[in-house]
Structures are given as C-alpha cells and as structure tokens.
Amino acid sequence: MRSKPQPDISRWVGFEIARQAFALRIGCVREVVLSASIDAVPGAPRFVLGVAALRGRIVSVLDLHGRLQIERLPCDDDAGSGQCLIVVESAGEPMALRVDRIGQLYSLEGARIRLPPQVAAPGADGAVSGHVVFGDSLLTLLDLDALVDPISMC
C-alpha cells in the first residue's frame, strides 16, 4: 500500500505589530521575553532601541515598528502591550525584536503561502517572504536574515 505524500509543513511564531499579524520561522526563535529593561545606545539607527541584558548576555533590541516603517498605534490598555521581545539569532549574533504582542504558533502548508507582491514596500527590502490568507485576515511572513541585515551594515 502506498502512503499519501506528506504536505510540506513549516512552523511559525506569530506576533502583532500595530494590530497586524506577522510571523517568523520557529527555528529562528530562541525564546520570548515578556518584559526587559532596555538601555539606549547613542548614535544607533532609529530602529535599534538599545541593548538589554538577557540571561547574562547583552543583546541588541530592534523595534519592528521602526524597521518595517509601521506607524505605532496609540497605546491601548492591554497588559503587556509593547513589552514583548522575541529573542532570535542571526549570523551567530543574538538579538531581540520588540513587538506589540505574541500571537499563536502556526503550522502552514507550503501551498498556502503566497509570494509577496512585486511592489517594493518601503522599509521591507526583502524582509517579507510571503503571505497567508485566513478568510479576511492576512498573516505576513518575515525572513529573519533580510529583516536584520541593515543592522549589520550600521
């Protein structure tokens, strides 16, 4: 008896920025931190909030609002809003991405992932790797290496 071919499944960690849904591949994420003290770094690009001490390591903290050029919405009263950090590692360097809220875990079939439009989105410069449509909602998939590449050029 022949077995059915298994669908190409990838796993993603979801989060929100200005009430928009985004996700990173789960293999890129090391941990989620709900709150941390962030110290400013003079002269850093606007999208670099500063550095934080996490588990004995100093990590750069990147603000995804600024990096993706998404306007910050007026603060709402939800607990933990704006405090979430997703700790990732790129090119052997740990860093944290500040997001508004942590979302759910996604298991996505490759056939559901649509390539991003060819229109150049300001601030995205290759960071958007795809989209998934859920009814009237859109989940934007991000490529970590493209997302953090401008930091290494600073």
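Predicted model: local features only at pLDDT ≥ 70, side-chain atom pairs only at ≥ 80, totals over all residues.
Strand 4 is joined to strand 5 (residues 57–63) over six bridges, and the two strands pair in the antiparallel sense. As an example, A53 has I58, a residue of strand 5, as its bridge partner.

A residue of strand 7 (residues 93–99), namely A96, gives another view of this region. With a relative accessibility of 0%, A96 counts as buried, because buried means under 20% relative accessible area. If its neighbours within four places in sequence are left aside, A96 is in contact with L54, V59, S60, V61, L62, L85, I86 and V87. Although A96 and V48 are 48 residues apart along the chain, their C-alpha atoms are separated by 9.9 Å.

A second open sheet is also formed by five strands, here in the order 8-1-2-10-9, and again the pairing is mixed. Strand 8 and strand 9 stand at the edges of this sheet with a single partner strand each, so one side of each is left without a neighbour in the sheet. From one strand to the next, the twist averages 30 degrees. Inside the sheet, strand 2 (residues 20–25) and strand 10 (residues 137–142) pair in the parallel sense, and four bridges connect them. In this pairing, A23 has L141 in strand 10 as its bridge partner.

The aromatic side chains come next, and the structure holds two aromatic pairs. In one of them, the ring centres of F15 and F22 lie 6.1 Å apart and the ring planes stand at 15 degrees, so this pair is stacked, as planes under 30 degrees apart count as stacked. Both partners are shielded: F15 counts as buried at 2% relative accessibility, and F22 is buried with a relative accessible area of 4%.

The other pair is made by Y106 and F134, whose ring centres are 5.8 Å apart and whose planes meet at 25 degrees, so this pair is stacked as well. Since Y106 lies in strand 8 (residues 101–109) and F134 in strand 9 (residues 128–134), the pair ties together parts that are 28 residues apart in sequence. Y106 counts as buried at 14% relative accessibility, whereas F134, at 31%, counts as partly exposed.

With these details in place, the chain can be considered as a whole. Its secondary structure comes to two helices and ten strands, and from the N terminus on the elements run β-β-β-β-β-α-β-β-β-β-β-α. Of its 154 residues, 39% count as buried, and its accessible surface comes to about 9400 Å², of which 52% belongs to carbon and sulfur atoms. Among the contacts with a separation of 6 or more, 56% are between residues 24 or more positions apart.

Methods:
Residues numbered from 1 in each chain as written. Heavy atoms only, no water. Phe/Tyr/Trp six-rings, centres within 6.5 Å; stacked < 30°, edge-to-face > 60°. Buried < 20%, exposed > 50% of the residue type's maximum accessible area, 1.4 Å probe, protein only. Pairing = 2+ DSSP bridges. Contact = heavy atoms within 4.5 Å. Areas by Shrake-Rupley, 256 points an atom, 1.4 Å probe, with all protein chains shown as cover. Axes fitted to C-alpha atoms, helices over the stretch in contact; angles between N-to-C directions.
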